[in-house]
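Work through the exercises below with the model open. Each task is followed by its solution.

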Amino acid sequence: MSLLNHLHARIRTDGPMSVADYMADCLLHPQFGYYTTRDPLGAKGDFTTAPEISQMFGELLGLSLAQAWLDQGSPAPFALAELGPGRGTLMADLLRATRGVPGFHAAMRIHLVEASPTLRAAQAKALDGYAPQWLDTVDALPAQPLFLVANEFFDALPIRQFIRAGDGWSEKRIGLQGGALSFGLSPAAPQPALDHRLADTRDGDVVEICEAAAPVTQSIAARIAAHGGAALIVDYGDWRALGDTLQALRAHEPADPLQTPGEADLTAHVDFEALAMAAKTADCAFTRLTPQGVFLERLGITDRARALAAPLQGAALDSLIAAHRRLTHPDEMGNLFKVLGLCPPQAAPLPGLNP
Ligand code: SAH
């Protein structure tokens with residue numbers, strides 16, 4: 001049995017499947033899923049993320065959260081949480097950077113929301129001595145002040161894809177053609193969840209919906225609104241979804257999403273408007289959506305890079321300069337990646353983000 005066999009069997013039994021069901025099986029099938037079975041990060045893996053590029057990313061996000069914690073009166077105890085922590089690198093950098101913040105470590109309990117057993121093991125290694133608690137979902141987070149980071153978590157949540165047809169929408173589905181997985185379309189039908197998109201789309205436009213994102217955001221936002229806290233959500237995407245953004249990456253190269261199910265990373269752009277609206281329904285405030293490069297510059301990444309550069313020369317110095325550029329430059333990750341902050345309505349503005 002393989003994931004491909006499983007998908008074929010599922011389609012033969014139930015008919016063509018939504019892109020969301022396909023993504024969910026590919027990424028998190030308990031036996032064959034991409035994340036379930038491997039550590040996909042780093043030079044030898046399929047893709048690299050900001051915390052794996054440089055320690056500066058986790059350090060600055062950590063100090064930003066710690067400043068928000070100080071601004072809110074240093075509540076204790078509080079939950080320090082991360083969604084989809086990968087190898088645990090961001091959290092390890094965050095913890096090292098915040099060691100000097102009086103009371104922060106004494107008051108925190110670390111919670112990691114992670115679906116992959118393989119990555120949980122990597123996180124345990126990276127965070128040895130910190131006794132993190134692993135959770136299956138955000139709903140298991142405690143009713144406490146919540147200071148949370150999520151980098152490249154929401155882009156891994158399954159999306160459905162719709163194509164505008166008159167006042168209705170056809171859904172993209174994955175079926176079998178000539179024995180191979182192939183895309184097809186369901187008959188057009190009204191989609192109440194997309195009524196607001198009839199105004200800004202035309203026939204043939206593709207719009208994506210991530211149904212899992214709103215409940216996750218609401219759950220976080222409700223805790224922040226009730227008990228205090230802050231969330232920093234970093235991902236690639238924009239204020240509103242438009243176009244087909246489903247992307248497969250294998251060995252750092254784009255791949256056909258249907259070609260090697262379970263062997264390639266699958267992601268889609270994040271619709272930050274949907275996250276902000278979900279936070280709003282929980283009476284939580286959200287910041288302006290801010291490009292990652294601008295956010296990191298405001299937090300002082302260039303000063304931090306200078307300090308790290310002082311003792312370096314040659315290849316080590318070149319690689320630090322390249323990392324700084326990669327994280328901040330508009331032609332690299334600086335503009336494609338965005339940051340959305342969540343905080344209680346009356347709280348001080350979050351460092352690096354405008355209300
Ligand atoms: N934040 C890390 C890793 C990003 S990869 C970094 O920046 O390096 C996506 C992460 O989210 C992985 O840890 C993956 O296992 C996790 N993940 C994906 N879908 C998930 C889900 N539905 N529930 C919990 N974790 C999930």
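**Exercise 1.** State how many nonpolar, polar and charged residues the shell around the ligand has.

Solution. The shell around the ligand has 11 nonpolar, 5 polar and 3 charged residues. Here Ala, Val, Leu, Ile, Met, Phe, Trp, Tyr, Cys and Pro count as nonpolar, Asp, Glu, Lys and Arg as charged, and the others, Gly among them, as polar. This is a predicted model: local features need pLDDT of at least 70, side-chain atom pairs count only at pLDDT 80 or more, and totals for chains, interfaces and linings use all residues. Residues are numbered from 1 along each chain as its sequence is written, and side-chain values use heavy atoms, with hydrogens and water left out.

**Exercise 2.** Identify which residues come nearest to the ligand, and find the distance from T49 to a ligand oxygen atom.

Solution. Around the ligand are 19 residues (a heavy atom within 4 Å). T49, G84, G86, E114 and N151 come nearest. Next, take the polar contacts (pairs of N or O atoms within 3.5 Å). A polar side-chain atom of T49 is 2.5 Å from a ligand oxygen atom. For E114, a side-chain N or O atom lies 2.5 Å from an oxygen atom of the ligand. N151 uses a backbone N or O atom, 2.7 Å from a ligand nitrogen atom.

Notes. Polar contact = N/O pair within 3.5 Å; in protein donor to acceptor, adjacent residues only side chain to side chain.
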